[in-house]
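Student: I would like to go through this structure with you, starting from single residues and then moving to the whole chain. Could you bring it up?

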Amino acid sequence: MQKKIIEFTNLLRKSGIRVSVAEGIDAFNALDELSLDDREVFQDALRATMVKRSEDIPTFDQLFELYWTAFYDNLR
């Protein structure tokens with residue numbers, strides 16, 4: 001899972017969303033506290049830790065859908 005989070009962080013950065021190393025660490029810490037079974041909670045946790053500018057939220061949400069859909073489809 002850590003590799004996927006790092007890949008997703010890099011995708012966000014390439015798309016212009018500024019995600020610092022500290023924010024990446026915050027995301028890992030948040031994920032330690034929740035279950036990945038709930039996609040909405042997972043998305044909210046990543047958004048809360050990785051997105052600092054409200055104008056980046058639509059891009060984050062779009063990239064989240066593109067990147068994580070296959071992961072969640074495989075959980076079923």
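Student: Which residues does Thr9 touch, not counting residues up to four places away in sequence?
Tutor: Thr9 touches Val19 and Met50, where contact means heavy atoms within 4.5 Å. This is a predicted model, in which local features need pLDDT of at least 70, side-chain atom pairs count only at pLDDT 80 or more, and totals for chains, interfaces and linings use all residues. Residues are numbered from 1 along each chain as its sequence is written, and side-chain values use heavy atoms, with hydrogens and water left out.

Student: Is Thr9 buried or exposed?
Tutor: Thr9 counts as buried, at 6% relative accessibility. Buried means under 20% relative accessible area, exposed means over 50%, and partly exposed lies in between, with a 1.4 Å probe and protein chains only.

Student: Where does Thr9 lie?
Tutor: Thr9 lies in helix H1. Helices (H or I, at least four residues) and strands (E, at least two) are DSSP runs, numbered from the N terminus.

Student: What about Leu11, which residues does it touch?
Tutor: Leaving aside residues up to four places away in sequence, Leu11 touches Leu63 and Tyr67. Leu11 is in helix H1, which covers residues 2-14, and counts as partly exposed at 28% relative accessibility.

Student: And how far is Leu11 from Ala30, C-alpha to C-alpha?
Tutor: Their C-alpha atoms are separated by 19 Å, and the two residues are 19 residues apart along the chain.

Student: Moving to H2, which of its residues are buried?
Tutor: In helix H2 (residues 21-31), the buried residues are Glu23, Gly24, Ala27 and Leu31. Seen down the axis of H2, they fall within an arc of 105°, so they line one face of the helix. The arc is that of the directions from the helix axis to the C-beta atoms.

Student: What covers them?
Tutor: The cover over the buried residues of H2 includes H1 and H3.

Student: Which residues does Thr49 touch?
Tutor: Apart from residues up to four places away in sequence, Thr49 touches Glu23, Asp26, Ala27 and Ala30. Thr49 is found in helix H3, residues 39-50, and is buried, with a relative accessible area of 11%.

Student: What does Phe71 touch?
Tutor: Phe71 touches Met1, Lys4 and Leu36, again not counting residues up to four places away in sequence. Phe71 has its place in helix H4, residues 57-75, and is buried, with a relative accessible area of 19%. The C-alpha atoms of Phe71 and Lys4 are separated by 9.6 Å, although the residues are 67 apart along the chain.

Student: Now the whole chain: how many helices and strands are there?
Tutor: There are 4 helices and 0 strands, and from the N terminus on the elements run α-α-α-α. The radius of gyration is 11 Å, close to the 11 Å that the globule rule gives for 76 residues, so the chain is as compact as a globular protein of that length. That radius is taken over C-alpha atoms, and the globule rule is 2.2 Å times the number of residues to the power 0.38.

Student: What share of the residues is buried?
Tutor: Buried residues make up 33% of the 76 residues.

Student: And what share of the contacts joins residues 24 or more positions apart?
Tutor: Such pairs account for 61% of the contacts with a separation of 6 or more.
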